[in-house]
Amino acid sequence: MTTTLYPGSIRGLHWYGDQYEGSLMRPNVVVLHTTEGPSIVSYRNGADAPNLTAGPDFKNKRFKIYQHFALNRSARALVNAGGGVETNTLNVVQIELIGTCDPKHRHTWGSLKAGRDYLFWPDAPDWAYTALAELLAWLHKNLGIPLKGPKQWPAYPASYGRTSARMTFSEWNAFKGVCGHLHVPENHHGDPGSIPFTRIIAKAKEIADKGGSKPPSDGSGDTGTKPKPRPPFPGRDQFGPGKSNSHITTLGKQLVKKGYGRHYTTGPGPKWSEADRKNVEAFQRAQGWSGSDADGLPGPTTWKLLFS
């Protein structure tokens with residue numbers, strides 16, 4: 001089964017997989033965007049969201065990763081014109097990098113200072129490129145996405161529109177690896193501009209070869225560090241309408257911890273509720289399941305994945 005959640009990712013209010021199910025895919029491409037803003041955005045409440053958003057944690061010199069869709073579900077941040085090629089649904093994991101590639105914000109953005117308050121990606125601090133390399137190395141090791149990509153990464157705004165860097169339909173259909181929004185056909189955007197791609201990929205390969213790519217932990221979601229022993233699955237008959245027991249509370253608390261507690265208005269508690277069912281269903285759908293596999297009632301596989 002494809003890994004669908006990035007360990008340590010922040011979900012909760014930033015998760016849009018319930019509103020937009022997306023198409024199932026086997027990821028073999030990463031497209032890098034820049035948000036052209038200094039902070040996380042709502043992406044029109046998910047209508048234009050990527051799979052992941054990587055934001056700078058300047059204090060600790062690492063990323064905070066926000067996850068919006070499962071990694072085996074198509075995202076929505078690319079233009080997809082009718083009658084051409086598929087973009088969002090062509091096995092593409094999309095990553096928005098919080099910051100800008102616009103040279104007018106090379107040093108300052110109003111009262112904000114580059115490298116301290118936001119990232120100017122063509123000239124970012126070394127730690128930011130290392131953090132991006134770690135993310136790409138993890139995607140390579142866990143999803144098999146090749147660590148290679150286009151040679152041309154022109155600077156913005158020359159990267160905007162029809163350029164020699166923009167792939168043809170046939171090049172796009174055959175491509176596997178890491179590219180930028182500026183390379184995707186049917187799109188005109190020029191982000192992320194002239195990032196030092198060769199350097200970033202070399203670092204990602206080094207990390208992957210050394211068995212690294214350990215995801216960051218920000219105290220929410222999966223941390224990937226020394227998990228507590230998984231409680232034994234108590235049986236499917238412990239859950240559902242009319243049931244009340246401590247297993248339901250345990251389930252609810254884990255759903256909240258994993259970022260799937262958005263339907264709770266109170267609790268979670270021992271009495272089964274429709275909020276429990278909806279939150280379990282959301283978790284199941286994030287695994288790429290549908291139909292009877294995403295009925296909102298935990299079975300042994302749901303339990304195992306939820307507590308892993």
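The structure is a predicted model, in which local features need pLDDT of at least 70, side-chain atom pairs count only at pLDDT 80 or more, and totals for chains, interfaces and linings use all residues. Residues are numbered from 1 along each chain as its sequence is written, and side-chain values use heavy atoms, with hydrogens and water left out.

Two packed helices are described by the angle between their axes and the distance between the axes. Helices (H or I, at least four residues) and strands (E, at least two) are DSSP runs, numbered from the N terminus. Axes are lines fitted to C-alpha atoms, for helices over the stretch in contact, and angles run from 0 to 180 degrees between N-to-C directions.

Helix 1 (residues 126–143) packs against helix 3 (residues 197–209) at an angle of about 55 degrees, and their axes are 8 Å apart. Helix 1 is therefore oblique to helix 3. Angles under 35 degrees count as roughly parallel, over 145 as roughly antiparallel, 65 to 115 as roughly perpendicular and the rest as oblique. The crossing of helix 1 and helix 3 is right-handed. A crossing is right-handed if the near helix is turned clockwise from the far one by less than a right angle, and left-handed if anticlockwise. Helix 1 contributes D126, Y129, T130, L132, A133, E134, L136, A137, H140 and K141 to the contact (heavy atoms within 4.5 Å). Helix 3 contributes R199, I200, I201, K203, A204, I207 and A208. By class, this contact of helix 1 with helix 3 has 10 nonpolar, 2 polar and 5 charged residues. Ala, Val, Leu, Ile, Met, Phe, Trp, Tyr, Cys and Pro count as nonpolar, Asp, Glu, Lys and Arg as charged, and the others, Gly among them, as polar.

Helix 4 (residues 246–257) and helix 5 (residues 274–286) cross at roughly 50 degrees, with axes that come within 10 Å. Helix 4 is thus oblique to helix 5. Their crossing is left-handed. I248, L251 and L255 of helix 4 meet D276, N279, V280 and F283 of helix 5. The residues of this contact of helix 4 with helix 5 divide into 5 nonpolar, 1 polar and 1 charged. Helix 5 also holds E281. E281 is buried at 18% relative accessibility. Buried means under 20% relative accessible area, exposed over 50%, and partly exposed in between (1.4 Å probe, protein chains only). Apart from neighbours within four places in sequence, E281 contacts A294 and G296.

The structure holds 0 disulfides (pairs of cysteine sulfur atoms within 2.5 Å). For C101, the nearest cysteine sulfur is that of C179, 14 Å away. C101 is buried, with a relative accessible area of 2%. C179 is also buried, at 0%.

Several loops carry local features. G242 lies between helix 3 and helix 4. G242 is exposed, with a relative accessible area of 82%. Its C-alpha atom is 6.6 Å from that of W272, 30 residues apart along the chain.

A cis peptide bond joins Y156 and P157, with omega about 10 degrees. P157 sits in the loop between helix 1 and helix 2 (169–174). D191 and P192 are also joined by a cis peptide bond, with omega about 5 degrees. P192 is in the loop between strand 7 (177–180) and helix 3. E186 is in the loop between strand 7 and helix 3. Phi of E186 is near 70 degrees, a positive value in a residue other than glycine. E186 is buried, with a relative accessible area of 16%.
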